[in-house]
Amino acid sequence: MVVTVDGRQSLVQTVALAPMSPAIFPQAVFNQNWTVNSAAAPALAGGYLQVFLTGFDVPSGWNAFALVNGTPVTSGFYTGDWGSGVEQVNFQIPTTLSGANANLQLCGQGPASVQKFCSQQVTFAVGAAAR
C-alpha cells in the first residue's frame with residue numbers, strides 16, 4: 001500500500017487483509033437475563049450467553065461458531081446484525097462448565113479452509129447448571 005498526502009507518497013508497505021476480523025466489545029458479554037456477565041453475576045451452565053462485537057460479518061457459506069475453552073460450540077448459535085458495525089452472537093453454554101470460568105472466542109471459517117478468523121479471547125463466569 002502507498003499513501004499519498006499533499007502529493008507526497010509514503011514508502012510501499014505490505015498490509016495483510018482478512019475476510020473478517022472479529023473483536024468482542026469490553027463489558028459486552030451478557031447473561032440471558034441481560035445482566036453483564038461477571039463473577040458476581042455468572043451465566044448458568046446450559047443457559048445462553050449474549051455477546052456483542054464488531055467485525056463478525058460472516059461471509060455466505062462460512063461456518064460461525066464459538067470456541068469455549070478451545071472446543072467449538074454451535075448449540076443454540078445465533079448471529080444478528082444490530083447495524084453500524086455491531087453484531088450479536090448468542091450460544092448455549094455447555095453444561096459441563098458448571099461452576100467454572102471459561103475462555104471464549106468467536107470465529108468464522110471458510111467452507112474449504114482450515115484457517116479460522118477468531119476474536120480476541122475473553123473470560124466469562126459460569127455458575128451452576130440451569131434448571
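These legends describe close-up views of a predicted model.

View 1. The protein chain has 12 strands and zero helices. From the N terminus on, the elements run β-β-β-β-β-β-β-β-β-β-β-β. Along its principal axes, the C-alpha trace spans about 65 × 35 × 25 Å. The radius of gyration of the chain is 18 Å, whereas a compact globule of 131 residues would have one near 14 Å. Buried residues make up 34% of the 131 residues. Take the contacts between residues at least 6 apart in sequence: 62% of them join residues at least 24 apart.

**View 2. A disulfide joins C107 to C118.** A search of the whole structure finds one disulfide. A disulfide is a covalent bond between the sulfur atoms of two cysteines. Here the S to S distance between C107 and C118 is 2.1 Å. The pair links distant parts of the chain, 11 residues apart. C107 sits in strand β10 (residues 101–109), and C118 sits in strand β11 (residues 116–118). The torsion about the S-S bond of C107 and C118 is about 110°, so the disulfide is right-handed. Are the two cysteines buried or partly exposed? C107 has 0% relative accessibility, so C107 counts as buried. C118 has 25%, so C118 counts as partly exposed. The cut-off for buried is under 20% relative accessible area.

**View 3. L106 and its contacts.** Leave aside the neighbours of L106 within four places in sequence. L106 is then in contact with P22, I24, V51, L53, F56, F65, A66, V89, F117, C118 and S119. One of these partners, C118, also belongs to the disulfide.

**View 4. F91 and F124 form an aromatic pair.** A search of the whole structure finds six aromatic pairs. In the pair shown here, the ring centres of F91 and F124 are 6.5 Å apart. Their planes are at 80°, so the pair is edge-to-face. The cut-off for edge-to-face is over 60 degrees. F91 lies in strand β9 and F124 in strand β12, so the pair ties together parts that are 33 residues apart in sequence. F91 counts as buried, at 0% relative accessibility. F124 counts as buried too, at 1%.

**View 5. W34 and F52 form a tilted pair.** The ring centres of W34 and F52 are 6.0 Å apart. Their planes are at 35°, so the pair is tilted. W34 lies in the loop between β3 and β4, and F52 lies in strand β5, so the pair ties together parts that are 18 residues apart in sequence. F52 is buried, with a relative accessible area of 8%. W34 is partly exposed, with 47%. Which residues form a cluster with these rings? F30, W34, F52 and W82 form one aromatic cluster.

**View 6. Some residues have a positive phi.** Most residues other than glycine have a negative phi. W34 has a positive phi of about 70° although it is not a glycine. N69 is another residue other than glycine with a positive phi, near 55°. N69 lies in the loop between β6 and β7 (71–73). At 42% relative accessibility, N69 counts as partly exposed.

View 7. Strand β8 (residues 78–83) and β9 pair in the antiparallel sense, over five bridges. What is the bridge partner of Y78 in β9? The partner is N90. The hairpin has two residues between the strands. In this hairpin, S84 takes a positive phi near 55°.

**View 8. G46 sits in a loop.** G46 is found in the loop between β4 (43–45) and β5 (48–54). G46 is buried, with a relative accessible area of 17%. The C-alpha atoms of G46 and S113 are separated by 30 Å. Along the chain, these two residues are 67 residues apart.

Notes:
Residues are numbered from 1 along each chain as its sequence is written. This is a predicted model: local features need pLDDT of at least 70, side-chain atom pairs count only at pLDDT 80 or more; totals for chains, interfaces and linings use all residues. Side-chain values use heavy atoms; hydrogens and water are left out. A disulfide is a pair of cysteine sulfur atoms within 2.5 Å. Helices (H or I, at least four residues) and strands (E, at least two) are DSSP runs, numbered from the N terminus. Buried means under 20% relative accessible area, exposed over 50%, partly exposed in between (1.4 Å probe, protein chains only). Contact means heavy atoms within 4.5 Å. Rings of Phe, Tyr and Trp (its six-membered ring) pair if their centres lie within 6.5 Å; planes under 30 degrees apart count as stacked, over 60 as edge-to-face and the rest as tilted. Two strands pair if DSSP finds at least two bridges between them. The radius of gyration is taken over C-alpha atoms; the globule rule is 2.2 Å times the number of residues to the power 0.38.
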